[in-house]
Amino acid sequence: MSTTSRITSDQGVVLMQYLARALFALLAVFYFHNTDQFYFALPQATPCLLFFAYAGLQLALLIWRPSNGDVFSSALDLLTLGIVMLLDAGSPPPTMALLFVAVLSNGLLHGLKRFLIMLAGAEIVLAFVLPIRLSYASTPDSSASLFLMAALSICMLYFGLMIWRNQVLARAALEATWRDPDTDFISREALVSTAGWLVPLHDRISSPLTLVLIQHDELPQLSDQVAQRIRRSDVAARYDATQLALLLPCTATAAAEQLLNDLRDRHPGMRAALMTLADGDIALEQALAHLEQTMARTTEDDSHWLAHAAPIH
C-alpha cells in the first residue's frame, strides 16, 4: 500500500486525527508552562495532570473503538477545551481559538451535520465558560472576550458555508461522472457499480442476464434508438468513444438478438457482441473485456456483424 493510500484510508484518517489532538494538547501544555499564573489559583502541575487525563481517555477510545467512538472523542475535546479556557489567564483567552480548530476539523472530516453539532457544542461551552470568567475577572475584559467569541463564531459559520458548498459541488461532480452528456446514458463507472449488485441478484434467482456490447461510429444517433427500445429495467451505458454496453435483465439470448436486429435495421454498419452472464462471481470488467475480444471478430457485413461470446470459465 502506498503512502497516499495509507493516509486516505479510514484508519489513516483516524490516526492523523489523534496525532493532531496530541500535538495541540502538547502545545497547550507548553503554553501554560510559560505563563506566570492561571486564571484561578491552582497548582502548577494542573495542566500536566489535565493533559495525561485527556490523553489517557483518548487513547482508551482509540484502543477500545466503541460504536460512535469519534463522537465521544469530539465531546471530550469540547469538555477539555472548556476546562482549558477556564485555566487560561489571557484576556481574552488565546486557547479559545482551539475551539475553532476542533469544530472545523470535525466538519472537514465528517461533513456538514457533524460541523453543525460541534458548532452548537462549542457555543454551549462558551455560554458556560465566559460568564464564569467574567464573574471572577479582576479587570473588565468582557468586550475583548465577546469580540473574540463573535469573530470565531462568524469564522466557523463561514467555513461551514464553504463545507456545504464543497459537498454540493462534489455531489454534482459525482453525478456528472455517472452520466455521459453525449448519450444521456450512465457512464462506464456507473455501469460497473450497478453490476455489483445486479449480476449476483440474477444469479441468485436463476434469471437470465444478457450483456451486450454495441459499436457504431454515430453513437449519439444510435443511443436515441436504444433509449426508445429498451425497457425501464434495462441498463444502458457509454462504454467508450464508439461503444455502448447494455445490461438486459430477464432477457434470453433470442430476445437480445431481436433487439439488436431492430437496431441494425435502422443503423447499418452497427456491430455487436453478446453473452449471457451465468456466473454471479464473474466481474463485469472481465466480461466486458471478453466481449471486446469477441467484437474483434465481427465486421460490418450482414453475415458477420453479430458475435456470440463463449462462456467464461
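**Stop 1: helix 3 and helix 4**

Begin by selecting helix 3 (residues 46–64) together with helix 4, which pack at an angle of about 175 degrees with their axes 10 Å apart. Axes here are lines fitted to C-alpha atoms, for helices over the stretch in contact, and angles run from 0 to 180 degrees between N-to-C directions. Helices (DSSP runs of H or I, at least four residues) and strands (runs of E, at least two) are numbered from the N terminus. Helix 3 and helix 4 are therefore roughly antiparallel to each other. That term is for angles over 145 degrees, while under 35 counts as roughly parallel, 65 to 115 as roughly perpendicular and the rest as oblique.

Now show the side chains between these two helices. From helix 3 come Thr46, Leu50, Tyr54, Leu57, Gln58 and Leu61, and they meet Gly69, Phe72, Ser73, Leu76, Asp77, Thr80, Ile83, Val84 and Leu87 of helix 4. By class, this contact of helix 3 with helix 4 has nine nonpolar, five polar and one charged residues. Contact means heavy atoms within 4.5 Å. As for the classes, Ala, Val, Leu, Ile, Met, Phe, Trp, Tyr, Cys and Pro count as nonpolar, Asp, Glu, Lys and Arg as charged, and the others, Gly among them, as polar.

A word on the model before moving on: it is predicted, so local features need pLDDT of at least 70 and side-chain atom pairs count only at pLDDT 80 or more, while totals for chains, interfaces and linings use all residues. Residues are numbered from 1 along each chain as its sequence is written, and side-chain values use heavy atoms, with hydrogens and water left out.

**Stop 2: two residues of helix 4**

Select Ser73, which lies in helix 4 (residues 69–87). Is Ser73 buried or exposed? Ser73 is buried, with a relative accessible area of 0%. Buried means under 20% relative accessible area, exposed over 50%, and partly exposed in between (1.4 Å probe, protein chains only). Leaving aside residues up to four places away in sequence, Ser73 touches Tyr18, Arg21, Gln58 and Leu61.

Next pick Leu87, also placed in helix 4. Leu87 has a relative accessible area of 5%, so it is buried. Which residues does Leu87 touch, not counting those up to four places away in sequence? They are Phe32, Phe38, Tyr39, Leu42, Thr46 and Leu50.

**Stop 3: Ala20**

Move to Ala20, in helix 2 (residues 10–33). Ala20 is partly exposed, at 29% relative accessible area.

**Stop 4: helix 5 and helix 6**

Select helix 5 (residues 97–110) and helix 6 (residues 112–135), whose axes come within 7 Å and cross at roughly 165 degrees. This pair is therefore roughly antiparallel. Helix 5 passes helix 6 in a right-handed crossing. A crossing is right-handed if the near helix is turned clockwise from the far one by less than a right angle, and left-handed if anticlockwise. Leu99, Ala102, Val103, Asn106, Gly107 and His110 of helix 5 make the contact with Leu112, Arg114, Phe115, Met118, Leu119, Ala122 and Leu126 of helix 6. The contact of helix 5 with helix 6 has nine nonpolar, three polar and one charged residues.

**Stop 5: two loops**

Go to Asp184, in the loop between helix 7 (142–177) and helix 8 (188–204). Asp184 counts as exposed at 53% relative accessibility. Most residues other than glycine have a negative phi. For Asp184, phi is near 65 degrees, a positive value. Cys250 also has a positive phi, near 50 degrees, and sits in the loop between strand 3 (243–249) and helix 10.

**Stop 6: the whole chain**

Finally, zoom out. The protein chain comes to 11 helices and five strands. Of its 313 residues, 42% count as buried.
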